Amino acid sequence: MNLSPLQKLDSPLLSAKKIDLYIKRDDLLHPLVSGNKWRKLKHNIAAMQDQGLQKMLTFGGAFSNHIYATAAAGQLLGFETIGIIRGESYDVLNPTLAFAKSCGMHLIYLDRSHYQTKNLAPIIKANPTLLDNCYMVPEGGSNQLAVDGCKNIVREIEIDFDYITVPCGTGTTLAGIVNELKPHQKAIGFSALKAEDYFEKEIAKWVDEKRLNHVSINYNYHFGGYAKITKTLLDFTSNFEIEFGVKLDPIYTGKMMYGLFELIEQNHFEPNTNIVSVHTGGLQGWMGMQDKINKLYNATKSE
Ligand SMILES: *Cc1c(COP(=O)(O)O)cnc(C)c1O
């Protein structure tokens, strides 16, 4: 069963280069539990329920799409959620955390040094029963069940593609995809982080060694680092929406598409290549960053 549609994109560039480009619209999976976060949570929720548990604890930054999706899933399906949030508490919650709280998520802040090693000691000291009957999901929702959930992205694609592209934050989604490729198919991960060589090691944790030559990671389109945004990138995403009617976020999918279009322009792909790009969703996180975007535009105006 296809849970999300495959949409073909048409443009003069794609015709000129004879590239067939499709978007796997996982952003349409669910209005709140969107994209790859839905794929990653699905088997984890089932596992929690199988174990007779009704409380999910997970980790994330203040703009985390995973925190948002977990909170929404908890409210929809009626289980308790706890979000361990990196850093200090905020006087005014940003839209991501305000939404999570409105879903009933219990937000607990953890200073950066403890957060880095996911050391919950200070939290447990204040709340000794917190972890009782608790199902834990790692940051970004990244575990074996999440990798397995992401295999379905490929299983649902009915056309015979040559390449599949996906943005990378932890590499979990990419790992699931690579595990499901046919021998002639290749995956390209676009890094959303400034982190040379990082994902090769990460995906090796989840992917059979034989499959590692089916995947390459492109580190050229992080635009300065995680959640760093430039005007060039925002102009690209707004033009993309006008041309194709598809909204991209500038943190993950926008950077991937920018990179992919540049590679197509530079004849990186042979004519008659079929490419599928996964729209991993994530449109909420950057809505919370409107301040940052407004500042960027005001700064460029006064230059
Ligand atoms: C979380 C997220 C990613 C990163 O996925 P990983 O499996 O951690 O690599 C990509 N795109 C969007 C929209 C996300 O929210």
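These legends describe close-up views of a predicted model. Local features are taken only where pLDDT is at least 70, side-chain atom pairs count only at pLDDT 80 or more, and totals for chains, interfaces and linings use all residues. Residues are numbered from 1 along each chain as its sequence is written, and side-chain values use heavy atoms, with hydrogens and water left out.

**View 1**

From Gly171 it is a polar backbone atom that lies 2.8 Å from a ligand oxygen. A polar contact is a pair of N or O atoms within 3.5 Å; within protein, one atom must be able to donate a hydrogen and the other to accept it, and residues adjacent in sequence count only if both atoms are side-chain atoms. On its own the ligand has 390 Å² of accessible area, and the protein covers 97% of it. Accessible areas come from the Shrake-Rupley method with a 1.4 Å probe; for residues, only the protein chains shown count as cover. Helices (H or I, at least four residues) and strands (E, at least two) are DSSP runs, numbered from the N terminus.

**View 1. The largest nonpolar core.**
This core has 26 residues, and Phe161, Ile164, Leu174, Ile177, Ala187 and Val215 have the most contacts inside it. Two or more residues come from each of helix H7 (144-155), S7, H8, helix H9 (198-204), strand S9 (215-218) and strand S10 (273-279). A nonpolar core is a set of buried Ala, Val, Leu, Ile, Met, Phe, Trp, Tyr and Cys residues joined through side-chain atoms within 4.5 Å. Buried means under 20% relative accessible area, exposed over 50%, and partly exposed in between (1.4 Å probe, protein chains only). In soluble globular proteins, nonpolar side chains tend to be buried together. Not counting residues up to four places away in sequence, Ile177 touches Cys150, Ile153, Val154, Ile164, Val166, Ala187 and Val278. Contact here means heavy atoms within 4.5 Å.

Thr165 is in strand S7 and is buried, with a relative accessible area of 0%. Beyond four places in sequence, the residues that Thr165 touches include Ile188, Phe190, Met256 and Leu260. Met48 lies in helix H2 and is also buried, at 0% relative accessibility. The C-alpha atoms of Met48 and Tyr135 are separated by 6.0 Å, although the two residues are 87 apart along the chain. Tyr135 is also among the residues that Met48 touches, as are Leu53 and Phe79.

**View 2. Asp27 in a loop.**
Asp27 lies in the loop between S2 and H2 and is buried, with a relative accessible area of 11%. The side chain of Asp27 makes a polar contact with the side chain of Arg25 at 2.9 Å. Leaving out residues up to four places away in sequence, Asp27 touches Ser34, Gly35, His279 and Gly281.

**View 3. Lys18 and Asn267, two residues with positive phi.**
Most residues other than glycine have a negative phi. Phi of Lys18 is near 55°, and phi of Asn267 is near 60°. Lys18 is in the loop between helix H1 (12-17) and strand S2 (19-25), and counts as partly exposed at 49% relative accessibility. Asn267 is in the loop between helix H11 (253-265) and S10, and is exposed, with a relative accessible area of 51%.
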